[in-house]
2 protein chains.
Amino acid sequence: MSLDRILNAESVAVVGASRTETKRGYQAIKTLIDEKFEGRIYAVNPKEKNVLGLPCYPSVSDIDGPVDLALITTPAKTITDVLKDCGRKGVAGAVIIAGGFRELGEEGRKVEENLIRSAREFNVRLIGPNTSGMINLEKNLNLVGLHDVPRGEIALISQSGNMALSLFTEARLKSHLGFSYYVGVGNEVDIRFHEYLEFFKNDPKTRAVVFYVEGMRDGRRFLQEAYRTTLRKPIILLKGGRSSTGKLSAGSHTGALAGISEVSRTAFKRSGIIVVERTDALFPVAESLCNLPPIKNNKIAILADGGGHATLAADILTDLGLTIPELGTNTQEKLRKILPFTASVRNPVDVAGGTDADPTLFAECSRIILKDPNVGGLLMVGLFGGYAIRFAESLSLKEEDAAHQLGKMVKKRNKPIVVHSLYSSVKPHALELLRYYRIPVYDSLDVACICISALNDRGSYLNEYHAKVNFVFDWRSREKASAKKIIDAAIRQNRRFLLEHEAKRIFQHHGAPVTNDQLAATADEAVEIASKMGGGVSLKIVSPDILHKSDAGGVRLYLNTSAEVRQGFAEIIRNAEKYKPGADIRGVLVSPMAEPGLEVIIGTKIDDQFGPVIMFGLGGIMVEVLKDVAFRVLPISPRSAGSMIEDIRSAPLLKGIRGKPPCDRKIIRKLLLLCSEIIEAYPEIAEMDLNPIIVYEQGARIVDARIILKEELNYGKT
Amino acid sequence: MSLDRILNAESVAVVGASRTETKRGYQAIKTLIDEKFEGRIYAVNPKEKNVLGLPCYPSVSDIDGPVDLALITTPAKTITDVLKDCGRKGVAGAVIIAGGFRELGEEGRKVEENLIRSAREFNVRLIGPNTSGMINLEKNLNLVGLHDVPRGEIALISQSGNMALSLFTEARLKSHLGFSYYVGVGNEVDIRFHEYLEFFKNDPKTRAVVFYVEGMRDGRRFLQEAYRTTLRKPIILLKGGRSSTGKLSAGSHTGALAGISEVSRTAFKRSGIIVVERTDALFPVAESLCNLPPIKNNKIAILADGGGHATLAADILTDLGLTIPELGTNTQEKLRKILPFTASVRNPVDVAGGTDADPTLFAECSRIILKDPNVGGLLMVGLFGGYAIRFAESLSLKEEDAAHQLGKMVKKRNKPIVVHSLYSSVKPHALELLRYYRIPVYDSLDVACICISALNDRGSYLNEYHAKVNFVFDWRSREKASAKKIIDAAIRQNRRFLLEHEAKRIFQHHGAPVTNDQLAATADEAVEIASKMGGGVSLKIVSPDILHKSDAGGVRLYLNTSAEVRQGFAEIIRNAEKYKPGADIRGVLVSPMAEPGLEVIIGTKIDDQFGPVIMFGLGGIMVEVLKDVAFRVLPISPRSAGSMIEDIRSAPLLKGIRGKPPCDRKIIRKLLLLCSEIIEAYPEIAEMDLNPIIVYEQGARIVDARIILKEELNYGKT
């Protein structure tokens with residue numbers, strides 16, 4: 001269902017309308033009237049006759065005209081009845097202000113579940129609860145009670161009312177930009193992030209979408225929707241609640257998967273979202289992306305009127321991964337002609353006092369620089385805008401002249417200019433002119449650099465975009481009957497995990513190279529199997545009651561003779577019986593010892609927000625001590641699998657160092673894709689671990705495999 | 001010599017005095033007059049009779065009164081003569097504005113060397129060249145030509161004029177703080193950073209010292225001086241020119257030692273300097289450290305009027321390494337009593353609308369929170385200062401009341417409060433009051449958090465301070481005659497490196513465990529030595545003409561039989577002769593193969609800015625692929641050696657993982673200290689490499705050692 005009738009509502013019922021000025025039910029109506037909401041306002045309160053000149057209806061269903069949206073300002077316990085009433089009336093959606101749900105713990109969670117049920121039952125979509133409200137600035141549909149939100153082209157979707165207030169304030173004080181919509185998502189019990197996004201993707205008034213997110217109910221759908229949106233318009237996202245205290249404060253108790261913030265950061269970026277790491281860069285980045293063309297080639301020119309700023313700008317941009325190429329000789333020559341001999345023209349360009357008497361030189365320099373085909377965007381740093389203040393009042397007109405020229409240049413060259421100015425907060429006319437031309441100006445050099453970096457991220461995302469690469473969540477991977485049987489058998493035995501040889505068999509059925517194990521029931525059988533295998537073997541206990549085989553003394557490695565095998569078998573059985581008396585021992589798994597090679601690990605888990613995710617890393621210390629792993633949301637494409645291998649810090653080890661030959665990265669990629677396929681084909685699987693996989697110059701072998709099944713028996717694909 | 005006569009000069013000669021308004025020689029005199037410099041101003045120009053009403057002297061020596069300081073505004077080529085004249089007059093110091101020295105390359109470097117010679121010869125100390133000048137704000141001695149630098153308690157030492165201008169502007173626009181002195185260091189050819197620092201350490205008007213540094217001529221002396229200063233007053237430092245483009249832009253062509261920026265960061269921090277990573281945090285951090293007591297226990301409380309800011313503040317502070325402890329039950333109870341039931345009182349404290357009608361609650365909450373002995377400092381985030389703007393004009397008086405209370409609280413509890421406010425740039429009266437009480441207010445949440453973190457860094461440095469720990473650069477390590485002989489012999493042979501066995505012998509003389517190698521001249525000798533050693537041996541070519549033994553095919557490992565040794569010997573000699581025909585072959589080094597253990601690497605180099613530095617890391621991939629190393633400036637203390645071992649990411653490997661026993665960290669520490677001792681005792685040594693050292697559960701063995709001697713033969717300690 002589209003959210004059109006809700007976000008573009010033409011009639012609003014305020015439930016809990018009040019004559020008390022401090023109450024939300026008063027303020028909401030007052031704001032709608034003051035802001036000149038274009039549609040109909042209905043006050044609802046059985047105890048009042050009228051509020052602010054409007055007649056009061058005892059209930060929503062008593063209203064005589066159609067009602068698109070209800071703003072419910074009454075407490076949590078009343079809401080079910082109100083929703084029932086709304087449903088009867090055919091109201092499309094309700095904004096629920098009240099708190100007291102999930103954020104208060106277990107009890108609140110139950111109340112929240114009731115709320116969701118009611119909404120479904122009565123067919124009313126919900127914004128919130130625990131939200132500051134919603135604003136449609138075009139229609140003056142302001143359900144938040146804030147009066148001075150600037151109008152513009154940014155849609156803001158936030159899980160925090162005061163973050164929204166921050167951005168409104170910043171926009172008003174420091175930019176010429178404003179908002180098309182604001183939605184306070186609150187606890188996101190019904191309408192999800194991705195549904196809002198779908199709406200704003202199609203909304204012509206919205207040029208950029210900004211998110212402040214603490215926790216997301218359906219990250220996968222969001223990624224899909226983001227993936228579709230970012231081709232059309234930029235999405236900028238700030239994530240709160242990364243730290244454990246922050247999480248607690250955000251009231252989110254999502255189970256913490258190690259590295260999960262890494263999962264979300266990677267996933268967001270891969271769907272083209274610009275993830276902002278600093279709170280004070282959120283609005284500036286949105287402003288820059290809304291206003292300026294993206295940077296196409298990662299190559300930035302810096303134009304400065306002093307060495308220190310030029311040096312620091314180069315440092316910061318380099319840290320952000322951008323390059324500051326030497327300008328073309330032609331460009332340098334042209335700059336030389338108009339600048340003093342002490343000027344640097346290589347890049348950064350330092351005018352060395354050349355602009356002191358004539359700041360229009362900034363425009364001339366910029367024109368020359370932007371013409372250089374090797375330059376993708378320009379960062380201007382220093383005093384521009386303050387020449388009249390610092391040197392002579394008469395320079396203000398020259399600065400304004402420069403600003404007009406700069407503004408027109410961006411359009412002509414389709415390359416962005418971002419300006420850092422010490423005088424930004426003084427708002428001299430020249431800087432206001434730049435803003436009029438949609439050139440953003442910041443007094444923080446760091447923030448200006450981050451904006452350049454965001455413009456570049458957007459440019460390179462659009463350059464590298466490949467249709468169908470990432471967030472198509474259905475590769476149509478099919479289960480294999482033979483493998484399915486193994487899972488079904490375990491479930492019939494009420495097991496929540498597969499035994500090692502069962503897990504390996506699943507991989508084998510899908511064509512993966514596993515060690516060629518065999519189950520031995522007796523020592524004699526073990527000896528016979530081992531002698532047929534030839535070479536060294538390992539023995540491992542097989543028991544549904546023993547998940548951690550090593551802890552139980554259930555593993556013996558490098559057994560070379562029949563005597564060793566026989567003794568090992570006996571020891572393992574003895575240890576297992578001691579470890580867990582009465583354990584259901586299915587036998588001992590005999591495996592040929594794999595040749596030495598490079599150990600890697602592949603694992604999958606289910607993330608609260610993003611569903612199945614996959615992890616890759618190098619076995620041993622690289623994962624255990626250095627936490628050097630790459631994560632992706634599943635399923636993954638071949639390209640994505642390749643990039644996982646490149647992403648780990650220890651990637652050079654795979655390519656062969658110190659004269660060692662490179663190992664078979666193709667087979668690692670295949671195995672990653674295979675895991676992706678298996679997770680998709682068998683929704684029963686919760687987690688898998690291939691640890692270790694030994695990789696050779698050619699080929700690889702899965703030495704140990706673990707598969708955990710989901711707790712619930714409802715395995716239907718969603 | 002003290003800089004007192006220079007930085008507190010009572011008489012200034014302006015050389016190059018001019019009647020042309022755009023010239024520096026005019027502006028300088030104009031500024032001194034306008035700013036009401038307390039001392040005497042002398043104009044010097046042989047071509048003018050008078051400038052701005054002052055009589056013009058043909059030369060400095062013609063001036064009739066005493067002259068403390070000369071401001072030289074004439075071009076580079078004139079300066080030698082001017083300095084000669086200054087010397088004749090007994091002028092203490094000169095500020096040289098002209099550029100055109102080292103920053104222009106090789107030619108400029110020669111001009112600069114001449115300049116230095118002249119200064120020494122004529123006994124005039126130099127500020128600059130290539131500087132924007134110097135300001136003593138108390139005396140109105142303003143040699144920069146900026147009119148509105150705010151007076152205050154920060155001494156600013158900068159290698160960039162526009163960074164200084166940035167900070168002046170920021171101070172004026174956003175704080176109540178100002179400067180005691182400004183020095184533009186320029187090319188730092190004579191007066192060094194550490195000399196300025198020594199002066200400001202003792203200056204009673206200066207409460208904090210701020211540096212912007214691109215390159216330093218004598219980092220060791222600076223560290224020593226900083227170490228003495230930071231106990232008395234904070235030093236805040238921003239380093240520019242980290243990236244290669246930044247370096248180029250900074251005109252610094254310091255040879256790049258890998259990880260050198262890590263060296264400087266660590267060294268600065270260990271001497272108690274607060275190193276700022278973001279340009280826009282430089283002034284705020286200086287302001288906070290100047291105004292507020294340090295945080296003693298790493299424990300921060302957050303007081304917010306909304307969830308989003310609280311969550312983000314917790315995230316940022318956690319990322320910065322601070323803890324946000326749960327408040328005491330007593331504290332929580334008291335907060336509960338005055339806040340709405342929906343408020344969070346755990347920490348972060350979220351007033352949940354409790355302050356909407358009465359912002360004095362902020363003061364009450366703060367009082368309760370700061371009383372909690374578990375809280376070291378308070379970060380207040382959100383709307384404070386904007387309640388009158390956002391809710392009702394009448395609240396402004398309540399906000400002011402709160403501001404007065406908060407201001408007094410900081411003094412009483414001696415715990416800092418830093419405030420983030422959306423309304424900072426609007427400058428409401430309540431926020432100006434906070435600034436009056438020296439409580440800083442920022443509109444960037446990130447910057448406010450960085451300030452809290454800096455206050456905590458300063459607190460923990462003062463807590464953990466141990467006299468004599470670090471920057472005493474003379475441990476009185478003595479050379480040993482037996483070892484010195486080896487070095488002398490190599491120098492006599494005109495060698496710039498020691499042979500492997502010579503290098504090892506040096507370590508052995510200092511008590512280090514090296515493999516018990518012996519030099520064999522013939523295959524027979526090699527076989528005999530090997531058989532005496534028993535077990536496997538390695539053979540390595542020994543030749544002053546072959547530095548890279550492996551490349552020359554000059555290494556054979558794991559030789560177990562006499563036949564293998566004999567054959568290995570022959571191959572090595574043959575390979576060496578092929579690799580470099582006519583090479584001076586001294587023999588073949590026979591070494592027992594060391595037992596396997598954990599490989600570590602220790603190396604030393606000479607850094608351009610900090611002199612000898614030491615590097616430690618784990619052998620193999622950890623250093624080569626993952627660049628996982630720790631650096632320190634030498635010499636190091638036992639404590640410092642210990643912290644190097646802890647600093648590497650792979651430190652857990654040394655402690656034993658996966659059931660392996662820990663390896664002998666004491667011996668690593670000893671070896672680090674030994675290297676420190678050797679570098680101090682033998683100034684002839686430029687670089688050393690112990691690679692690998694094999695470390696066992698008990699003890700270690702140096703398997704290969706390399707020592708490079710300095711190029712020049714002037715080895716005197718400086």
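Student: Which residues touch the most other members of the largest nonpolar core?

Tutor: This is a predicted model, and in it that core has 480 residues. Ile302(A), Ala313(A), Ile302(B) and Ala313(B) touch the most other members.

Student: What is Ile302(B) in contact with, leaving aside its neighbours within four places in sequence?

Tutor: Contact requires C-beta atoms within 7 Å. By that rule the partners of Ile302(B) are Ala310(B), Ala313(B), Ala314(B), Ile324(B), Asn347(B), Pro348(B), Val349(B), Leu379(B) and Val381(B).

Student: Why are α13(A) and α15(A) called roughly parallel?

Tutor: Helix α13 (residues 360-371) of chain A and helix α15 (residues 395-413) of chain A cross at roughly 15 degrees. Angles under 35 degrees count as roughly parallel, and therefore these two helices are roughly parallel to each other. Their axes come within 7 Å, and the crossing is left-handed.

Student: What makes the contact between α13(A) and α15(A)?

Tutor: From α13(A) come Thr360(A), Phe362(A), Ala363(A), Ser366(A), Arg367(A) and Leu370(A). From α15(A) come Lys398(A), Asp401(A), Ala402(A), Gln405(A), Leu406(A), Met409(A) and Arg413(A). By class, the contact has six nonpolar, three polar and four charged residues.

Student: Why does α3(B) count as roughly parallel to α4(B)?

Tutor: The test is again an angle under 35 degrees. Helix α3 (residues 79-89) of chain B and helix α4 (residues 106-122) of chain B pack at an angle of about 10 degrees, with axes 9 Å apart. That makes α3(B) roughly parallel to α4(B). In this contact Ile79(B), Thr80(B), Leu83(B), Lys84(B), Cys86(B) and Gly87(B) of α3(B) meet Asn114(B), Leu115(B), Ser118(B), Ala119(B) and Phe122(B) of α4(B). The classes are six nonpolar, four polar and one charged.

Student: Why is Ser244(A) called partly exposed?

Tutor: A buried residue has 20 or more other C-beta atoms within 10 Å, and an exposed one has 12 or fewer. Ser244(A) has 13 within 10 Å, so Ser244(A) is partly exposed. Ser244(A) lies in helix α8 (residues 244-249) of chain A. Ser244(A) is 48 Å from Lys408(A), C-alpha to C-alpha, and the two are 164 residues apart in sequence.

Student: What makes helix α7 (residues 219-229) of chain B mostly covered?

Tutor: Eight of its eleven residues are buried. The buried residues of α7(B) are Gly219(B), Arg220(B), Phe222(B), Leu223(B), Glu225(B), Ala226(B), Tyr227(B) and Thr229(B).

Student: What does chain B bring to its contact with chain A?

Tutor: 53 residues of chain B are in contact with 53 residues of chain A. On the chain B side, α5 (161-174), α8 (244-249), α11 (307-319), α17 (445-464), α22 (621-624) and α24 (651-654) each supply at least two residues. The most come from α11(B), with ten residues. By class, the chain B side has 19 nonpolar, 24 polar and ten charged residues.

Student: How much of chain A is buried?

Tutor: Buried residues are 54% of the 718 in chain A. Chain A has 25 helices and 30 strands, and its C-alpha trace spans about 100 × 80 × 40 Å along the principal axes. Of the contacts in chain A between residues at least 6 apart in sequence, 71% join residues at least 24 apart.

Methods: Residues numbered from 1 in each chain as written. Chains lettered and ligands numbered in written order. Predicted model: local features only at pLDDT ≥ 70, side-chain atom pairs only at ≥ 80, totals over all residues. Core = buried A, V, L, I, M, F, W, Y, C linked by C-beta atoms within 7 Å. Contact = placed C-beta atoms within 7 Å. Axes fitted to C-alpha atoms, helices over the stretch in contact; angles between N-to-C directions. Helix = DSSP H or I, 4+ residues; strand = E, 2+ residues; numbered from the N terminus. Parallel < 35°, antiparallel > 145°, perpendicular 65-115°, else oblique. Left-handed = near helix turned anticlockwise from the far one by under 90°. Nonpolar A, V, L, I, M, F, W, Y, C, P; charged D, E, K, R; others polar.
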